[in-house]
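Here is my note on the structure, in numbered points. Please read it with the model open.

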Amino acid sequence: MHLASYVLPGLLALGLAQPVAAQDQPPVETPPADPGTSTSTTTHTSMETEPLEYSHTEHVAPVFGFVGGGPSIPMGKTGDRFNVGYGFNAGVGFNFNRYLGAQVEAYWSHYGVNGNIFNSTALDANHRMQYGTVDIVGNVVRSGPFTAYLLGGGGLYYRRVELTQFAGTTVVPVCDPWLFYCYPSAVSVETILGSRSSTDWGINGGVGFSVRVAGGLRLYAEGRYHYIFGPELANSNEHANGDYIPIMFGLRFE
């Protein structure tokens, strides 16, 4: 018999047996990936499916305090008598929410008196003004660390004027409701030397700005107009109303 008659059937049988053997082999298990390694493809997919989120809502503390100081500008007829002075304030407040709050403030200020109102007499004077107010605060702008607000309210105002004498004696008429003295006829200096005061109700309103500098610490600048309903003195038909604009710079704690 020829050799080919044995070789060809053997090769055919071997070729048919290989697919069957492949089907009988168990599946190959892929080893778990090392936790410390990752592929660039996996990282890229994770960033797309789970984007980072940032919060633009700033935390607002329920309670705040503040201290400050700055010039105080007398206005109107008050400004005709008194020079620009200086003052200091301190207070505490409560935020009802992000945009509405209330505060209680105490303020002290000092002013020199315009010497022209005494002409060439030996008189001089100084003036002090203090108040305690309760104000509503409306935060009209809150953008990141920056806040702009309006505030207004009312309170009790104490004003005191002291008349002093540099040297010598003189006889003068002194009648000025804003000095709380009214002697329309000439009297001796010794008669009018001393101090007078008045405690009256008043109202105020203004605007302020603050910026966060670190944690709960803010810098603020604020200006308000204060109007005081003053008394009417005997021998005078004018009321000693008061007009002031304190401009304050200071620190706010939240």
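1. Strand 3 and strand 4 (residues 123-143) are antiparallel partners over 13 bridges. Strands here are DSSP E runs of at least two residues, and helices are H or I runs of at least four; both are numbered from the N terminus. Two strands count as paired if DSSP finds at least two bridges between them.

2. A word on the source. This is a predicted model, where local features need pLDDT of at least 70 and side-chain atom pairs count only at pLDDT 80 or more, while totals for chains, interfaces and linings use all residues. Residues are numbered from 1 along each chain as its sequence is written, and side-chain values use heavy atoms, with hydrogens and water left out.

3. Strand 3 (residues 100-112) also runs antiparallel to strand 2 (residues 85-95), with ten bridges between them. Alanine 90 faces alanine 106 of strand 3. Tyrosine 86 has histidine 110 of strand 3 as its bridge partner.

4. Which strands make up the closed barrel? Eight strands do, in the order 1-2-3-4-5-8-9-10, with antiparallel pairing. From one strand to the next, the twist averages 25 degrees. These angles run from 0 to 180 degrees between N-to-C directions, on axes fitted to C-alpha atoms.

5. Now the whole fold. The protein has four helices and ten strands. Read from the N terminus, the order is α-α-β-α-β-β-β-β-β-β-α-β-β-β. Contact means heavy atoms within 4.5 Å. Of the contacts between residues at least 6 apart in sequence, 64% join residues at least 24 apart.

6. Aromatic pairs come next. Rings of Phe, Tyr and Trp (its six-membered ring) pair if their centres lie within 6.5 Å; planes under 30 degrees apart are stacked, over 60 edge-to-face, and the rest tilted. The count is eleven aromatic pairs. Phenylalanine 88 and tryptophan 108 are stacked, at 6.4 Å centre to centre and 20 degrees between the planes. Phenylalanine 88 is in strand 2 and tryptophan 108 in strand 3, so the pair ties together parts 20 residues apart in sequence.

7. Buried means under 20% relative accessible area, exposed over 50%, and partly exposed in between (1.4 Å probe, protein chains only).

8. The rings of tyrosine 131 and tyrosine 157 have centres 5.1 Å apart and planes at 45 degrees, so this pair is tilted. Tyrosine 131 lies in strand 4 and tyrosine 157 in strand 5 (residues 146-165), 26 residues apart. Both tyrosine 131 and tyrosine 157 are buried. Elsewhere, Phe64, Phe66 and Tyr220 form one aromatic cluster.

9. The interior deserves a look. A nonpolar core is a set of buried Ala, Val, Leu, Ile, Met, Phe, Trp, Tyr and Cys residues joined through side-chain atoms within 4.5 Å. The largest such core has 30 residues. Phe82, Phe118 and Met129 are among those with the most contacts inside it. Leaving out residues up to four places away in sequence, methionine 129 touches Tyr107, Trp108, Ser109, Tyr111, Tyr157, Tyr158, Arg159, Ile228 and Tyr244.

10. Last, the totals. Buried residues are 35% of the 254 residues. The protein exposes about 14,900 Å², with 64% of it supplied by carbon and sulfur atoms. That area comes from the Shrake-Rupley method with a 1.4 Å probe.
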